[in-house]
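Biologist: I have a model open and would like to go through it with you. Can we take it piece by piece?

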Amino acid sequence: MTEHFEQLKPLVSLRGLTVDFDTGRRYVRALHGVDLDIHRGETLGVVGESGCGKSITWLAATGLLDARARMRGSVKLAGEEILNAPAKRLAKLRGGRIALIFQDPSSALNPVHRIGRQLGEALWLHRGLRGKDARREATRLLERVGISNPAQRLRDYPHELSGGMNQRVMIAMALAGEPELLVADEPTTALDATIQAQILDLLADLRRETGMAMVLISHDLGVVSDICDRVAVMYCGRVIETAPAERLFAAPAHPYSIGLMRALPELDGPRRRLDAIPGTVPPPDALPRGCTFAPRCAFADDACSGALPGLRPVQGGDHRAACLRVEAVRRGALPPEGRVACQTGVHA
Amino acid sequence: MTALLSVRGLKRHYPVRRPGGLFGRPATLKAVDGLDFDIPAGRTLGLVGESGCGKSTTARLVLGLVPPSAGEVRFDGGLVTAKHDAAWRRQRRRMQMVYQDPLGALDRRMPVAEQIGEPIAIHEPGLPAAERAERVAELMAQVGLGASMAQRYPHELSGGQRQRVVIARALALDPALLVCDEPVSALDVSIQAQVLNLLDDLRARTGFAALFISHDLKVVRQMSDRVAVMYLGRIVEEGAPEEVFHAPLHPYTQALVSAIPVPGRRRERIVLEGDPPNPVDVPAGCPFHPRCPVATARCTREVPRLERDAGRAVACHLVTAPAAHAAE
C-alpha cells in the first residue's frame, strides 16, 4: 500500500473543477475551480458550512448532479478521465470503484424492499454474484459492519432497523462493490453521539482493513479530526486551506479555519465567550469581489477585496492556504480597524 | 428559596400498539418517566440526551402543551395544567419557547415585524399600534436585526436571522422562563456561535431563567448553570456542568462524554454496544443496564434512584452504593 509508485500517483485527482447551475436566466457558479488529490488508503476530510460546495464537489465528480449543472475541469480516477463520462460508464463506476454513502440512510434505502434484496442487487451489478453466493456474501458483509444475526436481518425492511443499523447497511452496500474510494457525505450527522462513535470506529477499521481511500464530508470539525489524515476546508465553492489533519487543528492558517475553531464551544477548560464569525455566508450569485471571506474577516485589508488569493504553501510542508495575509494572521496582527480580537493561542 | 419552575414526579406515557397494525398488542411508551428538577429564577438548566430520551416531551410538559400522566409542574408557585384557560394563558405570557426549526416556527405569509409584535397584540390588546411598533423595533435591535428586515418574510432571511426573529418574538413579553429546544442545532457553526452569544447577552440583560435542551454537550455546557443528563425518560445524572462533563459518575454520561469528537485530539472512546432501547420496551432494573459496560446482577433487577449529595445527583447502584455491590 505504501509502494513508491502509489505514493506518487493519486487515486483520484480533481483539477480546476467548476460547477455552474442553470437558474433559467443565467448560470450561477457554485464551484470555482477545485484542485484535490486523494491517494490510496488515505482519508481526506472536507469541512465547511452549508452551501460551501463540499457535497457538490463529489456529486459533480461522480456525475450525480442533474442536467441543470454544467461541469468543467478534470476528474481522474487512476489516470482515467471520468468527468462528464457517458452515463453508462459512470453507473458502472458508482457503487463499484467509487461508493457513496449519505447523511440519511433511511431515505437512501428503498423502503419497500428487504435489506437482502437491496444488498443482493449491488452484489449482482458489481460482482456478478447471485443466489446462494450472493446471500453468503451479503451475510458476511452485514456481519463485517457489526450487525448481529445477519442472516435474519437480510429479511428485514429498512423501517424495522434503527438509524444506526441502516447506516451500517448502507456501509455494507458500499463495500459490496469492493470500492477503491468511499465518499461518505455527513455519514453520522443524523445519528446520536454514541452511535456516531460506533460508525466512526467502523469506518476507520474498514479503511485500515481494505486499504480503500475515503473522503469524509462533514460540517463537524471534531468528526473530521477524529479519523482523517488530511483536511480540506471549503468556503464559497473554493478550497481555502488544506493540510495534514494534525497540522490543521494545531495551527490553522486561514482566518476562516481559525474562526470555525474559535466559534465552537468546548467541553474542557474554562468557559469563554464564543468568537462568532460576524455576518453570513454570501449567496453564490452575489459573491463579493476579491477574497470571498474578506467582508467577514478581521484581518482583511484593502488588498483582500482587490485580488482573489490562490492556495499557497504555508511554512513549507503539505500545508496550503488561500489568504493574502497569512503572515499577518500568523503574527496575530490585526489591521488598525480590526473588529474581532482573534487570539494567537491557536497557533501555539 | 422556592424555585421559579419546579417539576415533581413528572411522567408522560403514551398508549401505542406494537408492530402489527390494528392487531398489534397495546403497549405503553414511556416518553418521560418520573422527573424531578427545579430551575431558580434567572438560572439555566441544560437537558442533554440522545434522541428519544424524552427531552422534547419534557419541554412540552413544562409549557403545558401536553398534559402529564402523573406528577406536576409548578411555575412561580402555580400549577401548570394543559387546560388552555385564562390562567394558563396568563402563565404562558411569562414562559416562552424557542424552537429548533425557525422556518417551521414562523408564519411564512407574515412580515417578521408583525410576527414579533403578535404576542404583544394578543396579550396587551389595549396598547396603541405606535407603541407596539416601537417595542418591536427595540426587540429587533436587541437581537441584532436591522430595521430594514422588518417588512421581510421568513423565506427572505437566513437561518440565523430567522432564529433571531423567533428569539425576539419569545422575548416580546419579557418572559421569566424561556424553554429552548435545540435552538442552534439547525445552524452552521459560525452562526451557532452568534446565536449562543446573543442568548447569553439577553439573559444577562433581562435575567430570564431557561430550560435549555440540546443533544450537543458542548453547547449545553456553554449555556447552563446546571445540567441534567437524560436516558429513556429519566434523569441519570445532574450537577454543575464542569463536574458532570469533566468527572462524569454515571457510566452513560461517561460514554456520552467520551463519544464527543474534539477537534485536534483523538481520545479513547468508550464505545457502547447497541442502540438505545425503544422507550416501549424499557428494560427492567436500570434502563441503561443492557448497554452498560459495568452492570451487575443488581442492575438488572432494581431501578436505581436519583440520589442527591452536595449539589450532585446520580442514579446508579455502582456509584451510590459501591459497598453493597462489592458484597454481592
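Biologist: Which order do the eight strands of the open sheet in chain B have?

Modeller: This is a predicted model. In chain B the order is E6-E7-E8-E3-E9-E10-E12-E11, and the pairing is mixed.

Biologist: Which strands stand at the edges?

Modeller: Strand E6 (95-98) and strand E11 (307-309) of chain B. Each has a single partner strand, so one side of each is left without a neighbour in the sheet.

Biologist: How much are neighbouring strands turned against each other?

Modeller: By 20° on average, with direction ignored.

Biologist: What holds strands together in general?

Modeller: Strands of a sheet pair through backbone hydrogen bonds, either parallel or antiparallel.

Biologist: And E3 with E9 in chain B, parallel or antiparallel?

Modeller: Parallel, over four bridges. Strand E3 of chain B covers residues 44-48, and strand E9 of chain B covers residues 226-231. To find the place on screen, look for B:Gly46, which stands opposite B:Val227 in E9(B).

Biologist: Which strands does helix H1 of chain B touch?

Modeller: Helix H1 (residues 55-62) of chain B packs on the sheet and touches E3, strand E7 (177-181), strand E8 (209-214) and E9 of chain B. The direction of H1 makes about 155° with that of E8(B).

Biologist: What about H10(B), what does that touch?

Modeller: H10(B) also packs on the sheet, touching E9 and strand E10 (234-239) of chain B. The angle between the directions of H10(B) and E9(B) is about 105°.

Biologist: Change of topic. How many residues does each chain give to the contact?

Modeller: Chain B gives 33 residues and chain A gives 36 residues. On the chain B side, helix H7 (189-206), helix H8 (217-223), helix H9 (241-246) and helix H10 (251-258) each supply at least two residues.

Biologist: Now chain A. What domains does the assignment give?

Modeller: Domain 1 (4-228) and domain 2 (256-347). Their C-alpha centres lie 31 Å apart.

Biologist: How many residues are in contact between those two domains?

Modeller: Six residues of domain 1 of chain A are in contact with six residues of domain 2 of chain A. On the domain 1 side, strand E2 (residues 27-38) of chain A gives the largest share, three residues. That side divides into three nonpolar, one polar and two charged residues.

How values were computed
Residues are numbered from 1 along each chain as its sequence is written. Chains are lettered from A and ligands numbered from 1 in the order in which they are written. This is a predicted model: local features need pLDDT of at least 70, side-chain atom pairs count only at pLDDT 80 or more; totals for chains, interfaces and linings use all residues. Two residues are in contact if their C-beta atoms, placed from the backbone, lie within 7 Å. Domain bounds come from an automatic or database domain assignment. Ala, Val, Leu, Ile, Met, Phe, Trp, Tyr, Cys and Pro count as nonpolar, Asp, Glu, Lys and Arg as charged, and the others, Gly among them, as polar. Two strands pair if DSSP finds at least two bridges between them. Axes are lines fitted to C-alpha atoms, for helices over the stretch in contact, and angles run from 0 to 180 degrees between N-to-C directions.
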